[in-house]
Protein chains: 4
Amino acid sequence: MIIVLKKGATDEQINHVASKLTEFGFQTHISKGTERTIIGAIGDERTLRDKPLSSIPGVEKVLPIVKPFKLVSKDFKAEPTVIDIKGIKIGGGNVAVMAGPCSVENRDMLFAIGKRVSEAGAKILRGGAFKPRSSPYAFQGLGVEGLKYLREVADEYGMLVITEMMDPRDMDDILKYTDIIQIGARNMQNFRLLRELGTIKTPVMLKRGLCATIKEFLMAAEYIAAGGNHQVILCERGIRTYETETRNTLDLSAVPVVQSNTHLPIIVDPSHGTGRRDCILPMAQAAVAAGADGVMIEVHNCPEDAMSDGDQSIVPDDFDILMKRMRVIAEAIGKKIS
Amino acid sequence: MIIVLKKGATDEQINHVASKLTEFGFQTHISKGTERTIIGAIGDERTLRDKPLSSIPGVEKVLPIVKPFKLVSKDFKAEPTVIDIKGIKIGGGNVAVMAGPCSVENRDMLFAIGKRVSEAGAKILRGGAFKPRSSPYAFQGLGVEGLKYLREVADEYGMLVITEMMDPRDMDDILKYTDIIQIGARNMQNFRLLRELGTIKTPVMLKRGLCATIKEFLMAAEYIAAGGNHQVILCERGIRTYETETRNTLDLSAVPVVQSNTHLPIIVDPSHGTGRRDCILPMAQAAVAAGADGVMIEVHNCPEDAMSDGDQSIVPDDFDILMKRMRVIAEAIGKKIS
Amino acid sequence: MIIVLKKGATDEQINHVASKLTEFGFQTHISKGTERTIIGAIGDERTLRDKPLSSIPGVEKVLPIVKPFKLVSKDFKAEPTVIDIKGIKIGGGNVAVMAGPCSVENRDMLFAIGKRVSEAGAKILRGGAFKPRSSPYAFQGLGVEGLKYLREVADEYGMLVITEMMDPRDMDDILKYTDIIQIGARNMQNFRLLRELGTIKTPVMLKRGLCATIKEFLMAAEYIAAGGNHQVILCERGIRTYETETRNTLDLSAVPVVQSNTHLPIIVDPSHGTGRRDCILPMAQAAVAAGADGVMIEVHNCPEDAMSDGDQSIVPDDFDILMKRMRVIAEAIGKKIS
Amino acid sequence: MIIVLKKGATDEQINHVASKLTEFGFQTHISKGTERTIIGAIGDERTLRDKPLSSIPGVEKVLPIVKPFKLVSKDFKAEPTVIDIKGIKIGGGNVAVMAGPCSVENRDMLFAIGKRVSEAGAKILRGGAFKPRSSPYAFQGLGVEGLKYLREVADEYGMLVITEMMDPRDMDDILKYTDIIQIGARNMQNFRLLRELGTIKTPVMLKRGLCATIKEFLMAAEYIAAGGNHQVILCERGIRTYETETRNTLDLSAVPVVQSNTHLPIIVDPSHGTGRRDCILPMAQAAVAAGADGVMIEVHNCPEDAMSDGDQSIVPDDFDILMKRMRVIAEAIGKKIS
């Protein structure tokens, strides 16, 4: 950590900062430049992050040198993590396709959609049983009944199940039926929940918060890893910006940036990321071209009757086209659809 | 609701949209303009919000006419809600001052700070017992022990207690010791939690999410009100923007905008809203001048030793100055510090 | 246009709004819904946009029905515009590649880079002669001398020239040497400049402002078209968001959104859009996969010695790899590199 | 400047970076920490800002120590600049009030409004003669005729004139009639224009760009100062965020932040900053309470007939109330309305 002192900081102030650093267990190195005096603190910087160093009189700013996350960083593990669930792989050249309806509405629709996405080549079935809804008056999901349908359909077509957990009190139910637990954008900084996810063995897909920086996103993954669960899949799903033509702004550059920082796989959700059907194919193709380790796509056989997110679901015929294109694009950059 | 059809929408498409609306229980009114055909849907618009109308072929866009929230709106109740707890009032001309440390660190510091803020005129003691921390390696709060200290100090100085709840599983503990439950920005859209807050009688202070629109903020309050708890205090605490000189951008214009939409009181937290000590006094003064129903201020007797948020806490002497100024400013606009 | 009246608007207020609309030349249609009265204004909505309708007592909000732009809209011209300059095509299935250094630094470097990008297949040479620099103390470009080198190198390799104009007083000079005039993000709303661009015949590439909405972007193109110059190429180059890992956030979803609104071609600049060398290849590939009509890439033979933007330039060898990948990706979605 | 090297950077890379720095005229200081090697570059950091240091192999990131601006910084001049024009003062405890219509529409309306704002105590008359309009079809201002009316009215009531310049080719005309030249948000980074403003003697009011950081804002002021004109007034007028209830988000915390960085005065424009009449009084009061050196307010005698920005103008009666409140608030923090 580098502590920059204010112009005109007194020797007494400089010494006070240095002695505080020594007290925290750091070696210090004072250097007087042409305009500012700086103090280098040598030691494990992560333990200093939390200290109110800027509050010490004479301090102008504090510059961290290393990243705040550790276990999930490439410094810790250079080669990409490949998550392998029942032989289906995510990461390290394997592009995973997750597809299915926004909400599980009933058993029949799930069978119909599951069949089509499976035939097109998707290996992971998505579907919400517990739904976070911004209106208290909207459909909130089928709950455990929805989980059972997901398992049944996935088993029928040899797929994995991914579904969202909103509340830690549902964990036992969800663990019974799912292969991957999805944590929604709104819970990305639900730190208690993250801590509990660290204690299980089931892989977790963590969605980026609507206004989370990439650093905060990786810190949230660190929370889970710090608890002992290293099977974390990251998911870019759009961030909030001033642009209103799309529901969110899908930050595809997060893919290469995340990959330069962590060994964990990152997938992309263009459905929530844009909220517009006409953007799904272009952005899913773009995600694969940008090097994403997977995509998550909302597919519905009759979007105008969907009980949630119909506006951003594509129909099975379009999903077929998309799968064909993604195969070619993945190959063009040396990857393959898993 | 107004449904705008695409240029060149066919009669069949128009009729299909109209019949869908009829099916949903709405009367329709078709109107052909110079460039577009539009359909007005007459009925309780809130039940239509959830339908994927944009998914229907021929639909270009959907324009809502009324606001999505109801119970918290000024349409529902025109006069401002005054929340009265043990005679201390928030709202309707009464400007409440909440002050205290970020975290409760120990009994002594809390007594020392409580004494000073109480002497200066603050009537509500703040302090965190359960702390949401973005690093898994940081101080997480004293838990129930912290709650006890808060109650003890507040009782000693005739103050109310406000403290944050992060997890619904802590609710029983927290209800025992607090007068107002604070819901942090990261939980503003934790819909399960909001639903449970609707079932209790204790007033709730709901902080605006870091990237929540004012509409979403009011919808979150609607969740609590819809459950039966109408004692909700809103709190503007800064939104995330591209500016990095301040930790967040305190959106003070949210104060008049919220007040034009809802009868609920709104207070301002300049400490989290800016993250900089040198901004606290100016922005707390500005909040009162903008008509806020209160402010929440972090005060610490030795910020450089604070276990959290020291960089954004002011010292008791500055708090004294602030109180004096806020009294004059409140009076200038016809209000008073409660 | 739909004018929504406040709850409890009086008949007098309603009639006053209606008479104002009549005065502006519009037919009106008053409709009383369950919660609000609305007035439909029938006529050319674009002439109403400018009127302070919300200022009229009793008005709650004003909802436009049609888009504010006209000449550039798909309503006006459904088929995509193909810009053909000396046989090199941009738009309508033709993906244009613009490449070259950020600034023209000297004749030799431009020849060296021009040769490499031309051999790899780029048909349009980019390079700045007049540079907008955020520091008054930084290199500001070679001016007319730089323009001459651009022309010379482009002619040698059979390429077109694109270069930025910052000031209308440079127009005569620039028109002498360039095939496409580039308007930078900071000038997207320099309305006087836009107006003058409408009076020339040279194609214009208009970059999206750092915080311009897609609507504002298209309105800026409308300014040029309204003056008579319909040869406008749009360029997405990143928007400002809270994320700081990349210099800007490249909004690739703008590609399909723009294409659903206008017949004009849109290209993508991943160099300025991300500001990071390791993002250029992924994001250029993604742009093509998303359906962009072209890309603009900064290439420098020795980035560490570049006089501007070295951090976001790629070397010629990487450009070769990129061209190969973009060819395959373009083909996968039914397009070709022009 | 601190250069942080990548984990595992080789000695050769370290030496190459150091030799580059030496070549640029800097002394270097290499320091090996527990996780990273860093190199301190000692010398005038501003000349290094422009170099593509991150492009050098082995470099992870570059951390500046000092601010990029110099002449406008508090390091350069500690006491606040007071701009004194014909005895009317801006800055250093003097709160300037600028008021008038958005556009000068005709002579009569300007006299009527000028009279009222002058009687209420405003000393500076605002009004647009050249208007930047986002639609090519909207009213663009009266031009030189508008300038003449401004001068005439201001002289009648003993006021100063402030008006916007959009194009440097209008400078001679504008200099004849105005006391302060206003540079709009869209021109904040029109670097050629800024450079020319440095060569004149008339004070300049520079508005913050819609997505300009405070650093960029101060760098734009530095451009003018670097040319020799040190009479620069800064103006916060709202930034673009995701919130759409207000046209922009007025960033009032910019006031204390700017004041901690520069000696130049900063005023606030709540009319453009919010775009809503009901926010003008609250936010103007808040601006003064936050310590702003002035406010700029749009006042119109009949907003519903205004030719531009009627929705954000207040009527003279409200302006009277505002002036009274601002006087009390200014006094509460030890300032006075000038």
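View 1. Across the interface of chain B and chain A, the rule finds 12 salt bridges, a salt bridge being a side-chain nitrogen of Lys or Arg within 4 Å of a carboxyl oxygen of Asp or Glu. In one of them, the side chains of A:D167 and B:R192 meet at 3.3 Å, N to O.

The model is predicted, and local features need pLDDT of at least 70, side-chain atom pairs count only at pLDDT 80 or more, and totals for chains, interfaces and linings use all residues. Residues are numbered from 1 along each chain as its sequence is written, chains are lettered from A and ligands numbered from 1 in the order in which they are written, and side-chain values use heavy atoms, with hydrogens and water left out.

**View 2. The extent of the interface.** In contact, meaning heavy atoms within 4.5 Å, are 51 residues of chain B and 51 residues of chain A. The two chains bury about 4200 Å² between them, 45% of it on carbon and sulfur atoms, where buried area is the accessible area (1.4 Å probe) that two parts lose on being put together, summed over both. In chain B, the residues that lose the most area to chain A are B:R169, B:R192 and B:E304, together 16% of what that side buries.

**View 3. Helix α2(A) and its surroundings.** Helix α2 of chain A comprises residues 107-120, helices being DSSP runs of H or I with at least four residues, and strands runs of E with at least two, numbered from the N terminus. The N-terminal end of α2(A) is capped by A:N106, a side-chain oxygen of which lies 3.1 Å from the backbone nitrogen of A:D108, and the helix is followed by A:G121, whose phi is positive, near 120°. Among the buried residues of α2(A) are A:L110, A:F111 and A:V117, and what covers the buried residues includes β7, β8, α3 and α10 of chain A.

**View 4. A:Q182 in strand β10.** A:Q182 is found in strand β10 (residues 180-183) of chain A and is buried, with a relative accessible area of 5%, where buried means under 20%, exposed over 50% and partly exposed in between (1.4 Å probe, protein chains only). Not counting residues up to four places away in sequence, A:Q182 touches several residues, including A:I162, A:M205 and A:M296.

Methods
The expected span of a helix is 1.5 Å times one less than its number of residues. A polar contact is a pair of N or O atoms within 3.5 Å; within protein, one must be able to donate a hydrogen and the other to accept it, and residues adjacent in sequence count only if both atoms are side-chain atoms.
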